[in-house]
Amino acid sequence: MIQKFWKTVVASLVGVIIATAGANATKLGKAEGAVLLTVTGAVTQANFGDAVQFDLAMLEAFDSTVIETTTNWTKGVQRFRGVSLAVLIDALGIRSGTLRAAAINDYTVEIPVTDAVKGGPIVAFELNGKPMSRRNKGPLWIIYPYDSNEAYKSELIYTRSIWQLDRIEAVH
Amino acid sequence: MSSSTHGRLRAGLIFGIIAGLIALSIIAFLSIRVVRDLRLLEAASSDNMQWTVSQGEVEFLGMLVEVELARLDETSDLSGLRCRFDIFFSRLATLNEAPASSGLRSNETYRDALEEAQGFLDRTVPLIDGDDDTLRASLAAISADAQNIRLSLRQLSSTGLSQFSTTAEERRKEIAQTLTRLTVAAIGLIIALALSVAHLIRLNKQNALRQKSIERTAKRLNTIIATSLDAVIVCDAEGVILEFNRAAEVIFDRTLSDVIGENLLDVTCPPELRSGLLERLRRYRDGDNPRFVRRGRMQLEAVRRNGDRFPAEVAIQVAHTDDGHIFIIFLRDVSDQVRVETELVKARDQALAGERMKTDFLATMSHEIRTPLNGLLGNLALLRGTELSERQQRLARDMQTSGQLLMRHVSDVLDITRYDAGNLRIEHVPTHLDRLVTDLIDSQSGTAAAQNTTLSWRWIGEPMHWVESDPDRLLHILQNLIANAVKFTHNGHVSITAEAGRTDEGGHEVLFRVQDTGIGIAPELRATVFNDFVTGNTAYDREFGGTGLGLSIARRFATAMGGDIGLDEPDGQSTAFWVRIPVRPAVADTKSATSTQDGETTAQEAGLNILVVEDNEINRVVVCEMLRAAGHRTTVAHDGEAGIVLAAKLRFDLILMDISMPVMDGRAATCAIRAGGGASAESPIVAITANAMADEQAAFLQDGMDGVLTKPLSQESLAEITGRYSVSQASGETKVVDLDHRHQTQAVLGEEGYDKLVGTFIAEGEDLISQLSETGVLSCAEIERLCHQVAGSAAIFGATAMQENLRTIQAAAKAGDRAWIAMQLSALKRVWEDTRSTLRP
């Protein structure tokens with residue numbers, strides 16, 4: 001009983017500290033250019049109503065991550081650059097639950113927040129040094145580092161590798 | 001358990017293991033395949049291409065809807081159409097590029113459909129990318145175009161679907177197959193495992209059985225060891241005690257718990273023996289002393305807890321175990337046994353010593369009695385040779401008879417003593433049986449005639465005149481039997497028969513039977529008649545004399561000769577004794593048959609020069625008188641030393657040497673005479689002894705004696721001996737002087753001339769001897785010349801021995817061999833002495 005009590009106390013304290021850290025995160029500005037991504041749901045800040053809208057510049061403002069990998073849908077090794085999903089949700093104060101990601105054609109997948117780790121998926125906005133067009137599965141594409149981690153070569157992960165991404169809803 | 005069963009078990013086990021291993025590797029292989037297949041399924045590199053392909057059609061329809069909507073509403077925003085187009089475009093690009101659909105792309109129908117769709121995109125992209133008006137104007141054409149390729153898109157979907165279902169079917173089949181194999185392999189493994197388990201169970205059962213049997217054996221062994229009366233101790237190679245049974249506890253007065261782990265030697269050995277035993281153990285361990293164990297029982301001294309020592313019989317065995325050698329010691333306390341043995345040995349030694357003492361006493365006594373008796377009889381014989389009155393003559397004869405009887409009794413006792421001491425040696429010499437028996441009958445005929453009894457003898461069956469036997473013993477036996485028969489028979493008849501036959505072993509034997517018609521033997525005496533000191537009628541015996549030893553001696557002799565003696569069942573009037581003696585047939589020995597007669601005559605013809613060495617005065621006198629009576633010359637010496645001195649100076653034809661004398665005994669004196677090289681060094685020497693056992697006689701001969709005379713000395717035995725040496729002298733190879741030649745010379749020269757010449761010859765010889773005696777005075781050439789000259793003179797007087805010796809020296813001088821000359825000189829001197837004394841006595 002005492003142990004459980006202490007566990008609860010410690011968990012609560014950690015939660016408070018992390019929440020405080022999230023509140024102190026950089027304030028996002030308004031999307032100036034074309035809106036590429038709209039995040040809704042359980043976010044800690046917003047720049048457009050209850051939502052957060054990102055243009056390319058805002059995404060570029062994050063520390064970007066590069067993944068070089070082959071994919072199931074392209075020929076040869078591709079060089080993706082984007083913002084780590086972990087960094088992105090951290091900035092939005094999303095700590096748990098599921099991300100409901102949707103594409104332009106309304107294809108929707110659920111990505112658990114636990115997927116968003118360092119060395120995990122990125123929200124790619126650049127392929128082989130060029131922005132991705134809609135015909136080339138752009139403008140945003142969630143890419144996992146399939147080649148560097150065998151665990152990512154699974155059907156489930158492939159379904160989460162959503163392209164032509166334009167919306168994310170954080171749900172608990 | 002037999003080795004073949006063992007081999008079978010092992011083979012079964014190996015088979016099980018191999019089968020299990022094979023099944024395991026198959027399972028491992030299949031498992032890898034299954035895992036791989038599962039991973040393939042999991043990896044889903046296809047990203048469910050079926051979805052992708054069908055999505056192509058979906059997006060196409062989406063785009064088509066946008067196209068139709070735009071055609072209906074001319075004011076509409078065309079961005080929706082453009083977006084849908086782009087989405088469709090990206091879908092088709094994926095279908096074109098995706099590696100997962102490369103298999104699909106090899107399908108011709110699919111490829112054609114894809115090209116159709118791509119053609120549509122290629123045609124439409126410029127319109128979509130153009131301005132709104134152009135696009136709007138082209139909408140109808142795009143719609144128519146799209147309607148045209150709609151079938152192609154459907155084709156893409158359905159081809160993809162069928163392709164994917166085929167692939168999925170194959171994959172499923174593959175997996176099913178792998179799983180089936182896996183199942184089979186698993187069943188195989190289970191069977192192998194089951195077999196192995198069954199095998200192990202069997203092994204286990206066998207082991208349990210074996211274990212039980214080992215336990216039973218061990219229990220039995222333990223019982224044996226525990227109940228053993230001998231101590232059983234087991235120790236390791238270092239001597240540390242491992243086992244100590246109950247008997248060991250009792251013997252050593254120790255308890256098992258005290259001694260376990262102690263050193264064996266500390267517990268059981270006396271301190272002074274430990275180092276020695278330890279050394280032997282060590283040498284055994286090093287392989288130097290393999291006989292230390294397994295050499296049977298040893299007797300060692302052991303010690304109890306309280307320090308008491310006891311003799312122990314110990315056997316050591318070694319066993320080789322995994323922990324090295326162990327020694328098993330079996331030990332028995334033999335204190336009682338040793339004590340009893342010691343007592344027995346002591347008792348036996350005492351008994352033997354007593355027996356020997358008795359024998360020695362009897363032998364000595366007999367000897368001591370015989371010596372003076374010998375003197376007495378000798379003197380009586382001499383006395384009867386002098387002039388005596390008739391009465392004196394009768395008294396002397398009676399004295400002689402009594403003396404002879406006494407001598408026989410003493411001899412009997414001595415014979416028994418010798419026989420019982422095992423010193424009786426049986427001779428095997430050619431013997432004329434007829435003569436032996438005839439002589440006996442002759443000697444008894446006087447007595448028989450006096451009792452009006454007749455004596456007769458004959459052969460039954462084929463006679464066997466000559467045999468090899470011991471005549472003295474045989475004579476003794478027969479004399480006893482015949483004398484007894486005569487003694488107890490008055491007015492009757494004594495008959496003697498001899499019968500040649502065969503022994504059971506196939507050898508020859510002669511059976512003598514002496515039968516009389518005398519008084520017979522009392523039935524109660526029949527069984528004991530051959531025992532010592534048994535006499536018949538005491539009063540009667542007293543009349544005739546008799547120790548009661550006669551028949552017992554006869555029995556002893558007969559037994560010693562390998563024969564038998566006995567008494568026939570009484571048959572009316574007669575009593576019959578028989579004796580059966582094994583013999584060997586022999587050829588006639590003419591020499592021994594004639595020697596006695598010849599000996600006497602020879603002795604009387606040529607008187608010998610005899611030296612008598614004897615300490616006993618009476619014996620000395622008797623011997624000398626007897627010899628003189630036979631015509632010999634005698635010189636006497638009182639002891640051995642005096643004898644040596646005389647023998648060195650003078651040359652005797654014969655020396656009679658008493659054996660036991662004070663100062664120096666006869667044997668030593670004989671050796672000295674033979675070694676001294678004096679005048680009589682080569683003369684025959686005959687021992688005179690009262691105590692001559694056969695082995696002693698051999699020793700005398702070894703000392704250099706030529707014969708043995710046994711006391712009492714008789715004139716006959718003396719005559720025999722002197723006769724022998726007269727003969728040998730007469731036929732000797734080198735005569736000192738050829739008497740015939742001398743006589744001839746004497747006759748030619750006349751007495752006076754002969755004397756003169758002899759004087760010259762003697763002077764010549766003396767001169768030569770003295771010159772030769774001083775070494776280096778004469779040269780070899782002069783020696784040769786002088787020897788030649790003196791040899792010439794010697795020839796004149798028939799001094800052949802001298803002549804011979806001088807020739808030898810002459811040859812040596814010619815050869816220049818001074819050593820040889822020196823060697824011959826002593827012989828020359830001896831011969832010269834003889835020659836001189838012969839020429840001028």
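Me: Two strands pair if DSSP finds at least two bridges between them. How many bridges join strand S13 of chain B to S14(B)?
Reply: This is a predicted model, where local features need pLDDT of at least 70, side-chain atom pairs need 80 or more, and totals for chains, interfaces and linings use all residues. Residues are numbered from 1 along each chain as written, with chains lettered from A and ligands numbered from 1 in written order. Strand S13 covers residues 609–613 of chain B and runs parallel to S14(B). The number of bridges joining them is five.

Me: In S14(B), which residue is the bridge partner of Val613(B)?
Reply: Strands (E, at least two residues) and helices (H or I, at least four) are DSSP runs numbered from the N terminus. S14 covers 633–637 of chain B. The partner of Val613(B) there is Ala637(B).

Me: Which are the edge strands of the open sheet of five strands in chain B?
Reply: The order is S14-S13-S15-S16-S17, with parallel pairing. Neighbouring strands are turned by 25° against each other on average, direction ignored. An edge strand pairs on one side only, and here the two are S14 (633–637) and S17 (707–710) of chain B.

Me: What angle does helix H19 of chain B make with S14(B)?
Reply: H19 (residues 617–629) packs on the sheet, touching S13, S14 and S15 (654–658) of chain B. Contact means C-beta atoms, placed from the backbone, within 7 Å. Angles run from 0 to 180 degrees between N-to-C directions, with axes fitted to C-alpha atoms, for helices over the stretch in contact. For H19 and S14(B), the angle is about 165°.

Me: Which helix runs at about 150° to S15(B)?
Reply: The helix in question lies across S13, S15 and S16 (685–689) of chain B. Covering residues 666–676 of chain B, this is helix H21.

Conventions:
Contact = placed C-beta atoms within 7 Å.
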